[in-house]
Structure formats: structure tokens, C-alpha cells
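Hi,

Here is the structure I promised to send over.

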Amino acid sequence: MNLAIIVLFGVTLMYISIAERFATYLKLVALQGVLLFFLAFSELSGANDLASLIFVVAETLIFKAIAVPVLLRNIVKKMKVAKVHAKAVPAFYSLLLVLVAMGVSVVLGDMLKIGNIEKIFMITALFAVFTGLILVITHKKIFPHLVGFLVLENGVFMFSLAVGSEMPFLVNVGILLDLFASVLILGVFASRIGKRLNDPDVEDLSSLKD
Amino acid sequence: MLYFFIISVVLVGLMLSIRKPLACKVLSGLFITNLIALLVRAYASKGQTELAYFTFDGTAIIMLSLMVAVAIPAYIHSFYYLTHESDRGIPLYIAGLTGLLTSLVGVYLSNNLIVLWVFMEATTLTVSVLIYHHRSTHALEATWKYIFVSSIGIALAYMGILFLGTIVSNSGDIPLSYKGLEVLAASANPAYLRIAFLFILVGFSTKMELFPMHTVGIDANTIAPPPISAVMSTLMVNGGFVAIYRLLNILDGTIVGQWASNVLILSGILSVIIAATYLLKSNNLKRLLAYSTLENMGLVAIALGIGGVARYAAFIHIIAHTFLKAALFFQVRQVRNTFDTYEISKMGGYIRHYSAGALVLMLGTLGIVAFPPSGLFVSELTIFKAMLAQERWILFTVLVLVLLCCVYAIVQKLLSILYAKETVKPTGFKLSMSLTAVQYLLIGLAFYVFFFKDGFVMNLINEAIK
Amino acid sequence: MTGYLLIILAAFFFPGIIARTKSIASGRKGPRIIQPVRDIVKLLRKGSVYSTTTSSIFRIAPTVGLACVLTAMLVIPFAGGNALISFNGDFVFFAYLLALGRFLMIIAALDTGSSFEGMGANRETLYALLVEPALFVMMGVMAMMTGCTSFTEIFKAFNTVGDYSLLLGALFACLVILIAMVENSRLPVDDPKTHLELTMVHEVMILDNSGFDLGLIHLTSSLKFGVFSMLMANMLIPPSWKIGYQFLYFGVIAVGFAVVVGLLESFRARNKMGKNPQYLLTLIAIGLLGLIVALILMQKIA
Amino acid sequence: MNISFLISAAFLPLLSFFLSKKRQFAVTLFTQLVVAFYTVVMAVGALGFYSTELFSNGSGSVAIDPLSFLFIAAINLVCVLTTVYSKGYLAPYMEKKNRSELAIHGAALVWLQVSMILVVTLREGFAFLAVWEAMTLASFVLVMFEAEKHETFKVGISYLIQMHVGFFLILAGFVVAYVKTGIFGFDGLSSYFATNNGIPVFLLFFLGFGLKAGFVPLHTWLPNAHPAAPSHVSGAMSGIMIKMGIYGLLRVLFAMHSQYLEVGMILLAVSLLTGVWGVVSAIVQKDLKKVLAYSSIENIGIIGIGLGLGFIGLHIQYPQLSLLAFAGAVLHIVNHSLFKPMLFMGAGSVYTATHTRNMNDLGGLIKKMPHTSLLFIIGAMAICALPPFNGFISELLIYVGMFDSLVGQSLRETILLITSSMILALIGGLAVFAFSKAVGIAFLGAPRKPIDHVKEVSKWMLVPQYVLLAGILAIGLFPSIAVKLILPVVAQFPQVNTSTELLQPILNTTSSITWISLAFVGFIAVIFFFRKKMQQDVAIAVGPTWGCGYSAVNATQQYTSTSYADSLISISKPLVKVTKDFEPLEKTDFFPHATSFKTGSNDVFEEMVTVHPTNRLLKIIRKAAILQTGHVQHYVLYALLFIVAILVLTYFKLI
């Protein structure tokens, strides 16, 4: 069952790299949140400590699947016109890069061949992290940067799931709390920039240079 | 430790609630006494751990004392800065500064990677409020970039910590504490250690102004108000140094240790080269000082990489650099008010307008480019000595060439402020003598580093290096 | 002491013999031998005219010039005898003392502020500059052969070193003649009889001197001739001869030297001004040739 | 000798920040006198070895041996005299400069003296390097006194950078020795040279110290820094500070055990080139202080020739040569630190009075400034090594050493000695050329620019020059005392025996020089007295200079410094690049436009060694500044690239 979810997660990663419209970004991010919820639920259902189970469930479902997409949607609503957005790098090449990232993460995954964490989790986590980075690098607008950061978040969360089942619950809380705090601040600023420049296009955000 | 955190959180809350500037003054005074009490307690109970996650070891005490030395003038300058110029958001500014210092205390004292990581994240959030103080479009852009890139860095660092977490999982004691990790690292799978080190180094390079992600730190330093950029390029950089230094200690015993030092040296030499290129090019005073921080941190990274006596020199370099850079940034405000601009090409003849400040600038310049009376000379000499003792001749020649360019750029630009013909009519603004005296004190401390014999600071450093 | 007096004696007759040979060569009877001496005595008694632009330097330069030559004569021995003062490196002292005299003449010439005198000074410094190495190479070779570094010991040991010393002695005698011609600004380098200031070297430097100073300058140049003829004599006269023959031989050499100078001046035109540095380089070449000959003779080469 | 006292004395002038301008000079002079008196007294008493704890981790072992004592005496003399001179020289600057600038200048003068004294007494590596850089810092601050002129500012900074390069070379030399012997400093050198091949380390030190001393390829800072600095500073720098480079070189040479021929050959070759090239460039200069700066380079060359010959003497085991050559070199160090400051003070007085240093605008100064001109002329004669003065004594020792050792040498040594004697004679002739030009055109003849406003400089500026003149005449007329004084220093050279049977001929020479000089003075007196008597009753008339009948003679027809040097330039084109830039008038323009003619000479070595390489380096570095693009995605890209690069490097085992 887990394998199916992870494969679906991989597909969303590839699809996100060639998405054009902001609406598709929203759907994919929400989908990833839901997938992670199922993954976390199946992963932790085995473990007996109820508290961490409730937190993880709440955290993935509420934050990742619902709260963040809503936040992004009202940013999109404010940008009246920009349905379709331009990319710094043509879609074909960004997909190529993502494939390369997948190849690298597979190689890296089996190089680190310690058995105590499921290898497939490791590979997908690395794949998600690299895709997040590529998303940020290949786009000019702020919105895709935000989405890229979220994908990076999901990758890190998946990796902590793979490793973190042993790590104590308190530590997980602290980490995820911080990650989401930064997401919130980013969201606030993104909307502030949107309001200030009435079009969250990041090109003109490059006046600070040498 | 716990009281310290509670008190500081309460103080921040009070600052935010009471809007009056006078209250902020009193509260910040309280915070400083709280800080000094913590320092005294730290020095008294050296080596003990408190609250399971915080220990007072050599490094922590040095960094805490540096923080106290820089925080007090930072607060004084901030109040002058706030009352004279912008009166917007005084409580938010002071609360942000107090929050930043508290999280930095957390960074210095933590004995656990995860706790260190959490407080690192806290510093990013608190400092973003301070960078955004001017609320101009530039400030907005700088803050956005700073948060975004720092968060990516923090996420990468978290990945690295998770990799380290894999080797801890089978032992089950306090997770990821330095001592615990050190013991386990010897037996861990080297590939994991390598990737962990790489991710954490790249993650924290925004904080310590090292090569991969130094860029946003430069922008933040340029836009933030001078007292804040003083704190950022000294105390926050020290925080990054502590993080990477702890990491290097963990890997010291293992076979990966040599590899980690080489990566650090590579990152160090790249950042010094980039600093040299931009020092020659930049025409903005604060940008120049930010790039000089990048250069000095590159040198510290090289010193850590070389190891042995160079580690000792790295600590001296950090101490001297903190004092000098803080003094220079505080003086920048006075220069800004005299010429009403940061453009170096427009400034000139400063020695005639405000000779006391000009002398601070001259002593600071000659200190930052490591001429004898400054502590940086001691550390650079020891670094070169250790480097040549290991027969690293190519590194030596490249570093010498690049350092010469940096010295040329810094001396030419900063001294042209003193002596060149000024194009902008000076406003005749005079900073109060007490503030300039504080800057003299800081430079005096930096020059004291050059002369001190085996005082208590020395055995603190020896403890830190163990 | 004998060397000192002989030089003064030679100096008295030197200019007269040159003038006489030149006039005979050009078909005239020519003035008495001691006519130049009478000129000098007349000059010493005459009044003098000083230019307004000159300063005290201009006034004391001729005096110091004469004092230099008189002191330089102290170190010169006669045919193996002892000079009044002799110490290691006295030929260096001799050369640099002449340089001091020349230095003061040059700045005195510049002091007058006339373009002619500046031209003369400029050329004088360049030629002196190129002649000194030749003198030093010659003395170096002789020091190498004899192993001592003062005029007295060198000339004592020079003629007895080996039979080949006569060959070297002749070569160096010619070199001394050429150096003397340059030092006293005789023909190939400078024509004393020309009246066109642009072409002069030494004469133009003393254009503005008059009266007592002019007398001193003429006395100095004739004394220099005496010094160089004594140097040449030391190289040729073997110390083993008796005093009488040595005096006679010195007389022959001095008169011969004067006649040679006179004949050279009669039958040879002045070098082009641009060619002079090259000519002076030949002097150094002759010196080096002497060095190589000495090295071969002392079996150091091959 | 208590170092902490010295350092605390160095902080005394700091209080001059609060005093009025007049009293600042008093504080500076007082501190310098105290320091001078203290160091000399302690040095005389302490001709032994001390070890005092000085710096944080290095033990500042202080040792005063005859060489340090010689230098301490020279440093104190020159520094105190130049400070006294500065009172007069800085008078016109009093209004222009504000109080703190003058305070910084005064403090830097004291720091220069203290740091130089420390340089010659400290042996331990760390302390030596720290004080070496402090000396550079003090001289940098002094050179930057008139930094509002852009030219001075640029020159000051290039001076700082070149000295920094020298610092790194010396550091490298020390560390290479430290790695093998474990002692970081001069003391470790002798054991290092004993065991392994010393040439590479010697070259490192030679380059490092040569940069400060001014050997030719490394001298490029000297001709720019001296004219830019105020005259009393350039007098102190040229008189004594470049000798610190020679001092460092001597310390290294004292530690040599073998390989004398290679060391001697390197020293001799470089010094001969330095000597000739220095003086030829001096001839071509128009600026009076540049002439003096280049002649400093020439004198460093002469000192180097002495040292080089000394080491060749050690190689061929001919004790007289090494004894005489080393004695000549050390005596020339003392002589140069006497007449060079005097000449720079003369040039400074000329600048104070006429506000120009370009010789083409000077002339006829002797009528308005008799004292300065007379002193400059005597200084010029001393520097050209003309007999009655001290310059001649040291060159005579070197000459006698050369000629004395010629007998019985192999072919190579003979050729070496003969050529070096010829070149030394050539340098002597060129020096006469250079200084006759400087004296004749600047001080004598008719004034090229009106000088009626010019008047003699104040007493403060003349007294130091007369003190130096006394020193010159003392050594010049009574050389045997000087030779005896410097003997202990010569004894420190490796394998040099100063036994009486070797020393006696030298003392004979020097005593007979005393006699012959007195005879010379006697002759001058007699002739002068005779001249006065003869001219009593004759008419002395005064008239215009004889102009071959041309009535409208004016001052511009005189020889200028450029035309005077023209004859030499014609035969020394490759050595000296003389630039002439003027737009010639075409045949076609009948109403010719205003044109200008400007000659200048730029330094062949300067372009080759410093100007081109630095420009190229800075261009490359500027092109590399592309990282800070402002786009966030690029910043994240750098992180990704760095990770991938490190992974690839680890994969291929390169790190």
C-alpha cells in the first residue's frame, strides 16, 4: 500500500515541475499533503504512542492538505491577471532536470545501503528535496518559489518519517513547528509583496545587486 | 538557564505590549542585567549542563562574553538611532533585537544539534523583523530573500541532521548530543557522515557568511539599520561559527575528518576570493564591510580546516573580528549622518569634519586588514605559519594574492573617506562623545587581543579546543 | 721628493714644447719654450672680471682645482723611488681627487649661467665618466701582476716582475698618453685652439674665468701633463738604472710626450661630437686588451 | 633593555591629541629624545643577551649585539634630527592641517623610531614580524600626511601593499626554517643553514628584505614614496628605514655556513645592476627628491657590492678581501645614513622656500639661500665619494679589497673582481654626473623663475644639517676612528678574522688619508692666501657673463636638467625610457595652434614588475564578480552546484 502512495507522490513531483497555471500548483500541493497524511498514518499506526500519532495526523492533514493551499489560493485570487506564468527555463528542460534529479537520488539512495530505514522512503525524500530546489532555481516568480519550498518541506517531512520513527516525539514537534512558522511568514510576506507591487513577479525584486 | 529564557520571553512580551519608548529602555536594561547574570553564572559553573540541552563549555563562555561586549553598545546605539531618526516601531525593533539575542544565547549554549537547529531557525525569524525595520521596498526585498534562502538552508541543515539521526537511532540515549555523536561517529557509515556534513555546512553557510549561501547575508547587512547590521555581522556570524565548529569536532575523530577539513578549506578560499572580487567593486560602505566579514569568515573556515594551532588562531580571529567589525559598523552611522549617503565615491575629507570619528575609522581600517596592533595580525600570522608547516604552498600563494587585493580595496576605499575631496556637502552632524568613546573601547579591546599574555581568555580557548 | 720636483719641472716646459712643435710642423718658428710660463705669471698679476650671476663657488673652484692636483702629485713616486705619501689604494685616491677637481670646475661652469659653459660642463662629465674605468682597469692589471695596491710598491715591483713587463709597460704607456689627451682635453676629443664655442669642451668651461683664476687653471692643466708624463715614465724606466740615467730617460720621455702631442694636434682633426663616447670606449677596450695580455702572460688563460 | 618601557613611551604622544599645535611638537621631540637617550644608554650597558616576555604567545627575546648597537645609534641620530627639522618644515602646514592630523603625524614619528629600534633588537620570529609590520604602518601614516593630493594617496597605498608582499616573503622564509629547526626566528637560521641547502631560504629572505632595502627589481615603491612624503619623513625613511632591509639581510648572512660563492654571486650581480641602474635613472629625473630617491638605490647597490665581494672573499679564503669589503659595506651604511638625510633636508628647505621641486624651475638659489646651498653641495660631494668626505672612505675600502685580492686568483675570480671594480668606477663617474647636474642647475647659475620672494629657511632646519655635516667631516678626515668603531660589527660576519696583522694595513691607509687630507686643506689655504694677497691692489670689476657678443641673454638659455642629461640618454636608451610627448606642427597649418612639449621618464622596472602585473590581476578579479546577481534562484543554484561539486570531487577522490 505504501509503495502505491510513494509512486503517486513521485508522479506529483514530476507533474509539478511542468505545471503552468497557478491553480494546478494548488491542487498538486494539496494532493501531496493528503498523500503524506496517508503515509504518516500507515507508518505510525503500528507504533503504540497515541500522542505522536494524533499530532502527526493533525499536522499533515490540517497544515499540509488544507491550511497552506487556502493561504496560497487567496494569494492567487489577489493576482487578478496572472493565470499563466512564464518560466526562466523552458518546461522541457525543467522536466529533464527533475529526471536527472530522480536518477541521482536513486543512485544516492542505494549507495547509502544501511538497512534500518526503508530505502524507497530515502529515495523519494531525496527526490522531493532535489525537485524542490530545481523548482526554485528554474522559476522567476515568487509563487513557484513558495511552491518549491513546500515541496522541499514535504521531502524533509517524508525523510523524517523514514528516520524519525525512532526519534522522540518532542524533537519532531519542535522541527515541524519551525518549518511551518517559516512557511507562514513567507506567505505573509508574499501577500505583502503582492499588495505592494500589485503583481508578485519576482523580476523587479532584483534591485539589490552589485 | 530556564529562568533566563522565561525572563527574556516575558520581557519581549512586555515590550510588545507597552508601546512607550521609555518602557522599552527600562526593559532592555533589565534584559542586559539578565544577560550579564547568565554570563556570571556560566563562568561560575563551567562545564555543567543544565536543562539537559545546554552546557557552559569554553566556546559558549567566550561567545557569551563577546555577546555582552557587543550587545550593550548595540542597545545604546539603537536608542540613539531610534530617537533621532525613525520613531516607527520602536517596541517592535527592541523586541526583535532582544528576541534575536535570546535565540543566539540558545545557539551558543546548546549541546545538542537539534536544539541548536531550532534556535538557528528562531534567529532567522527574529532578525527578519529587524531587517524590515525601514519598510522600504529595498527592505522588503532584502527580508524576503533573507527568509526564503535561510529557510531553504535550514531545511537542508535539517536533512543533514536527519542523516546524523540515522546513526543515533540504534543507540537510544539523548539524541544527537555532541558528546554522544562523537562517540558514535567513529563507527558510523562514512557516506552518511559525509552527506550530513555537506548538507549542514551548506545549510548554516547563510549564518556564517561562507561561500555557498553568503549572498543574502550581504544584502541583509546592507539594508538593516547600522546597529542591527553590527549585531548581525558579529554575533550571528559567531553563531554560525559555533554551529560549524561543533560539527567539525564531532567528525574530528573519524576518517571523514580530513575530508571535512578539506571541504571547509575549499569553501573558505572560495569565499575569500569572492570577497576580494566584490571588495574591489562595491561602492557602498556597508556592503564593503559586509564583504570584509565574508573575507574574514573565509579565513576562519580555512583556519578550522587546517586544524592544530590554527584552531586556536581561529578563535582569536573571531574575537578580534567581532570587536573591530562592531566598532566599524557603529561608526558607519556617524559617517552616514555626516554625508547623508553611503556612496564612498561621494564622501571625503572626513578627518576635517569629525576627527574623533575619523580616527576610529582609521584604526578600524588598519585593524581589519590585520596590521600589528590588531589581534587579527596574531591570528593571520599563526594561520599562515600552520599552513606552511603543512607544506600547503599553492593555498598560501593564492591566499596571499587574494588577501593583498582585499587589503588594497579596503584601505583604498576606507581611507579615501578620510582624505579624498568630498562632493557632498557635509551636514555637520555630531554624534555624542560617549558613543564614540564606546567605539574606542571596542577597538582598544581588539588591540588588547594582540598583547594579552596567558590570561584567563587563553585557557578558555584551550578548553574550547580541548 | 724627487718625483714631485721633476713633475713641476716638466710642467714648466710642457706647453711651450707643444706650442713650438705645432708651429714648426706648420712652418712657423713659434714662440719661446717658456712663453706659456710668462703668460701664467702675467695672468697672476692681472685684475679679474667676475660675472654678476656667479657666486662664491665660482671664485674658489680654480683654487681647489690646483690644490687637488698638487695633493695628487704627493702620491706619485719616481722610477722605483718612494712617493712623499704612499698607502694601499692611493691610486684610487689619485683618481677621485682629480674627479673632485673636475666636479668643482663643472659646477663653477654651470654657475656662470651661460649656455656655452653648460654645454662644456655637460660634455666634460660624460667624457670623464667614460675614461675612469679605463684608468681603473690599467691599475687593476698592474695590481694583479705585482700584488700590491699603492703606486710606490707597484712601480717598484712592476719592472722586475718578468721580462714581459716591458711589453705591458709600452702598452700601458700608450694608454696613459690617450688618457692624458682626454684628461687635459687635447685634440681627438677637444680642440683647444678652436674659437667656435659650440665645439669646445674644456676651453669653454673656463671662458668666464679671468686674471688670477685663469692663471691658476692654466697652471693646473700643465701640472696634469707633468703628472701623466711621470706616470708614463714610471712604467718605462727600470728602477735598476742609476739616478743619472733615470733623469735623462725621464727628460727624453717628457719631451717625446710633448712632441707626440704636438704632432698629433697638427695632423689630426677633432672627432665628431657624437663619435666621442665611442672613441672613449676604445680606451676601455685597450685597457681590457692589456688585461687579457697580462692573463695570458701569467698563464692564467689556457 | 625593558621593552614595556619603550612601548609605553610610544603611547606618550597620544596625549598630544589634546594639546595645541605648538606644544604637540614639543611632546613629540621630548618623547623621541627620551627614547633615544634610554635606548643608547641601555644599549651601551647591555652588550649582552636578554630574554623578556613580550607578546602573547611569542617570547620577545631581546638581544643587543654590535650590529644592533650600530643601528640603534644611527636610528636615534637620524630620527631626532629629522624631527627637529620637521618643526621648520611643518610651519606652513600649521593652518592647513587640523589638530588631530598633526597629532597623528607626531605620534607616527615616535612610533617609527620605536618600531625601528625594536626591529633591530628583537630576534624571535613572531615579535620581529609584528614590529616589522608596525614600522611599515608608521611609515605609511607618515607618507599619507598630504593625502588630500590624489597622487600621494595612490602612492601611499601602493607602498603599503608592496611592503605587505615583503612581509609575506619574510614570513615564508621564517616558517621554512621553523619547520626544520623548530625555532621560529633568526636564531633558528644558523642551525638550518648548517644542515640543509640554504639557497632557497636565502632567496626568500633576499626578496623580502630586498623589497624594503630597494634592490633593483623590487625598488619600485622607493622613487614614488619619497617625493610624496614630507621631506623630513623621506629623509628618515631613506636615511635609516631602507637600512632595516639591509639589517635583516645582514642577520641572515651572519647565519650562513656554506655556499658562499652562490650567495656572493647573487648579491654582487643584483647590486651591480642596482648601482648602475639607480644612478642612471637619477640622472634622468627632473624632480630633486626623485634624484635623491634613486641615488639611495645606487648607494644600496654599493653596500650590496661590498657584501657580495665579502662573501666571494670568504669563498676564495682570502681574508683581506672579506675583511675590507665587509668593513666598506658597514661603513657605507653609516655614511649613507649621514649624508642622505642632509640632502633630503636640503631638498625640503628648497621646497619650503620655492614650493617647487622641479629643477627646471629652480636655479640661482645660492644667492638667496647660502646655507642650504652650501650644505647641499657638500652633501653632493660626499655622496659622490669625493676624497675629503666620508663617502670616499667606504668606497676606498671596497676598492682596496678588490685590488688587493687580485694577485694569484683563478681566471673567474679575476674577471669578476676587475669587472666589479670597473663598474664601481663607472657608478662613481655617473654619481658625479647626477649630482653636478642637481647642484649646478638647482642652486647655481641664473634663476629660471623669479626668486626674489625666496629667503633662507629658519634656524630649526639648518641646525640638524650642520650636525650631520660635522659627522661627515669627522669620518672623512679621521677615518681610522670610524674603522675601529665598526670593527666589532665586521667581526660578526662568518669566518672573518679581525686580527691585528690583517688590520694594520687598513689602519695605515686610514691614518695616511688623514695626513693627505690635511695636506690638501693646507694647499687650499696657502693658495687662497696667495690669491687674496695678489688681488689686493688690482682692479676687480663686475659685469655680465660673456655671451659671445649676444646682448639679450636671459635665464632660459641656460642648460636645464633635461638638456644636461641628454648626452647620457643618447647612449643609455634601453636602460632609461625617456618619454617625449608633443604634437608636432604640420606643414599645412600656417596659423599654428598652441602646442606643448613635455618630457618625462618612466621606470623600466616599475612597469615590468609592478604596474602591468597588478593591472592584469585587478582586471581578472573585477571580471570574476558575477555572483551577486540579485535573483533568488541564482543564490539557491549556488548551493546546489556546491553540493553536486563536492559530491563529484569526493567520488573521484580529489578532496
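**Helix H13 of chain D**

Helix H13 of chain D covers residues 288-315, and at 1.5 Å a residue its 28 residues should span 40 Å; the end C-alpha atoms are 41 Å apart, which agrees. Do bear in mind that this is a predicted model. Of the 28 residues of H13(D), 27 are buried, so the helix is largely enclosed by the rest of the structure. After H13(D) comes Gln317(D), which has a positive phi, near 50 degrees.

**Where chain D touches chain C**

Here 70 residues of chain D are in contact with 65 residues of chain C. On the chain D side, the elements that give two or more residues include helix H17 (390-404), helix H21 (500-534) and strand E1 (540-543). H18(D) gives the most to that side, with 16 residues. By type, the chain D side splits into 49 nonpolar, 18 polar and 3 charged residues.

The two chains also share strand pairing: E1(D) runs parallel to strand E1 of chain C (residues 48-51), over 4 bridges. One pair to look up is Ser51(C), whose bridge partner in E1(D) is Gly543(D).

**A helix pair in chain B**

Helix H10 (residues 226-252) and helix H11 (residues 256-281) of chain B have axes that come within 8 Å and cross at roughly 150 degrees. Angles over 145 degrees count as roughly antiparallel, and H10(B) and H11(B) are therefore roughly antiparallel to each other. In this contact, Leu248(B), Leu251(B) and Asp252(B) of H10(B) meet Val256(B), Gly257(B), Ala260(B) and Leu264(B) of H11(B). Those residues divide into 5 nonpolar, 1 polar and 1 charged.

Cheers

How values were computed. Residues numbered from 1 in each chain as written. Chains lettered and ligands numbered in written order. Predicted model: local features only at pLDDT ≥ 70, side-chain atom pairs only at ≥ 80, totals over all residues. Expected span 1.5 Å × (residues − 1). Buried ≥ 20, exposed ≤ 12 C-beta atoms within 10 Å, placed from the backbone. Contact = placed C-beta atoms within 7 Å. Nonpolar A, V, L, I, M, F, W, Y, C, P; charged D, E, K, R; others polar. Pairing = 2+ DSSP bridges. Axes fitted to C-alpha atoms, helices over the stretch in contact; angles between N-to-C directions. Parallel < 35°, antiparallel > 145°, perpendicular 65-115°, else oblique.
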